[in-house]
Amino acid sequence: MSASKPAAGRERLSPALWFLAAAVGLLLAAGVVSLLRWRTRAPYAPPTAGDPSGRVAVWRGEAAGSDGSQVHAELATLHADAGRQAFETATLRRRLGLGDGEPWRLRVQRGSAEGALESLSIVQPLVHDAQGLAARALELPPVDGALQDPVLSLLRTPASSLGAAQALDVVLWGRAPEAGAVLRGLELGGVGFELPLAPAQASRAEMERAFTHSARADELAQSGKSPSGAASQGRPRARSGSDD
């Protein structure tokens, strides 16, 4: 009689042990799945705050028109924050079916020389270097009069020309320039020209500025404001693919 009691106890405990083992297994499986999902999302996680004094790579160039006005160009990644840049790259590549590369911000601006008569047009901007084509404007569907996707409207190269003390930004797609980089696709007074680009450094805080999609001269003309500083003030941040 006494020998049968331990055996009965073991029989009563067996289902409980099996249930406990199954619960532990489920918990472990859930942990593995969560870890895999976290690793998948990690490259596109929301950006974290960085050091505003940190340096980022840019490419700059300038030229003078026959009327004495200066043309300045600056090429940099669309975002100074690496996390946000990776997110935008994945979003645009998926949405527009793009190949290798990443988004770049090309800022073109003119000096405030008085009497500037030649208009500056951004026709089909692209960057070439010793290796060939580095980056170019996005190839987007033509405007057909229908309601336009706001993201495509932002990414489309503006058709407006730049007068004195005006600036705008254009989104390019491609790789980082190498030696011998030049910017093409600009016309000053109807005549095309090339603008050599040289590598430089800019502060992270300087590059975190609003996207200027259309030329504006009202703020740039105000006394005490430089073209680059005034162009980035008083404008809402432009929408991009990550805002959808």
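1. Helices here are DSSP runs of H or I with at least four residues; strands are runs of E with at least two; both are numbered from the N terminus.

2. Ground rules. This is a predicted model, in which local features need pLDDT of at least 70, side-chain atom pairs count only at pLDDT 80 or more, and totals for chains, interfaces and linings use all residues. Residues are numbered from 1 along each chain as its sequence is written, and side-chain values use heavy atoms, with hydrogens and water left out.

3. Confidence. pLDDT is the predictor's confidence in each residue, from 0 to 100. The protein chain averages 74, and 60% of the residues score at least 70.

4. Over residues 42-49 pLDDT stays under 50, and the model has 10 contacts beyond four places in sequence for them. Residues 217-244 also stay under 50, with 51 such contacts. Contact means heavy atoms within 4.5 Å. Where pLDDT is low, the predicted coordinates should not be read in detail.

5. The sheet. Nine strands form an open sheet, ordered β8-β7-β4-β5-β6-β3-β2-β1-β9, with antiparallel pairing. Strands pair if DSSP finds at least two bridges between them. The edge strands, β8 (191-196) and β9 (198-203), each pair on one side only. From one strand to the next, the twist averages 30°.

6. β1 and β2 run antiparallel, joined by six bridges; R60 has E74 in β2 as its bridge partner. Seven bridges join β2 to β3, also antiparallel, and A73 is partnered by V108 in β3. Five bridges link strand β7 (residues 182-188) to β8, again antiparallel. There, V182 stands opposite P196 in β8.

7. Helix on sheet. α2 (residues 82-96) packs on the sheet, touching β2 (70-77), β3 (102-110) and β6 (167-174), and its direction makes about 105° with that of β3. Axes are lines fitted to C-alpha atoms, for helices over the stretch in contact; angles run from 0 to 180 degrees between N-to-C directions. Q85, E88, T89, A90, T91 and L92 of α2 are buried. The cut-offs are under 20% relative accessible area for buried, over 50% for exposed and partly exposed in between, with a 1.4 Å probe and protein chains only. The buried residues of α2 pack against β2, β3, α3 (150-155) and β6.

8. Aromatic pair. The structure holds one. W59 and W104 sit edge-to-face, 5.8 Å centre to centre, with 75° between the planes. W59 lies in strand β1 (residues 55-64) and W104 in strand β3, so the pair ties together parts that are 45 residues apart in sequence. Rings of Phe, Tyr and Trp (its six-membered ring) pair if their centres lie within 6.5 Å; planes under 30 degrees apart count as stacked, over 60 as edge-to-face and the rest as tilted. W59 counts as buried at 11% relative accessibility. W104 is buried too, at 2%.

9. A loop arginine. R209 lies in the loop between α4 (204-207) and α5 (227-231). R209 is buried, with a relative accessible area of 7%. Its C-alpha atom is separated by 9.8 Å from that of A80, 129 residues away along the chain.
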